[in-house]
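Please open the structure in a viewer and keep the selection panel at hand. The tour moves from one selection to the next.

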Amino acid sequence: MDWLSFLKIMAMEEHAARAKYQLAMDLTDDKELKEFFARLRDEEAFHADFLESEYAKLEKKIQAGEQI
């Protein structure tokens with residue numbers, strides 16, 4: 001597996017985790033649990049954004065012919 005594929009898969013997993021935390025947040029009526037799941041959901045969104053940013057950087061390096 002190449003590094004671009006790896007980063008793409010990892011970003012997809014972060015998006016999936018975010019969706020699961022959103023679902024958990026939607027299913028509970030407990031305020032503290034909602035806040036807990038919201039915090040985890042937001043962390044996963046940050047991770048996905050970070051991975052997608054790194055993907056774009058790596059893609060540019062590859063297109064420029066740089067060694068990775």
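The stops below cover a surface patch and then the salt bridges of this predicted model.

**Nonpolar patch**

Select Met1, Trp3, Phe6, Ile9, Ile62 and Ile68, and show their surface: together they form a nonpolar patch with about 650 Å² of accessible area. Colour helix H1, residues 3–27, next; helix H1 gives the most to this patch, with three residues. Then centre on Ile68, which sits in the segment after helix H2 (31–63). Ile68 has 53% relative accessibility and therefore counts as exposed, the cut-off being over 50%.

**Salt bridges**

How many salt bridges are there to visit? The count is three.

Start with Lys31 and Glu35, whose side chains meet in a salt bridge at 3.4 Å, N to O. Both residues belong to helix H2 and are four residues apart, about one turn of the helix. Lys31 is exposed at 62% relative accessibility, and Glu35 is partly exposed at 41%.

Move on to Arg41 and Asp42, where the N to O distance of the salt bridge is 2.9 Å. Is Arg41 buried or exposed? Arg41 counts as buried because its relative accessibility is 15%, and buried means under 20%.

Finish with Glu54 and Lys57, a salt bridge of 3.1 Å, N to O. These two are three residues apart in helix H2, so about one helical turn separates them. Glu54 has a relative accessible area of 26%, which makes this residue partly exposed.

Note on methods:
Residues numbered from 1 in each chain as written. Predicted model: local features only at pLDDT ≥ 70, side-chain atom pairs only at ≥ 80, totals over all residues. Heavy atoms only, no water. Patch = residues over 30% accessible without salt bridge, like charges linked within 9 Å, V, L, I, M, F, W, Y side chains within 5 Å. Areas by Shrake-Rupley, 256 points an atom, 1.4 Å probe, with all protein chains shown as cover. Salt bridge = Lys/Arg side-chain N within 4 Å of Asp/Glu carboxyl O. Buried < 20%, exposed > 50% of the residue type's maximum accessible area, 1.4 Å probe, protein only.
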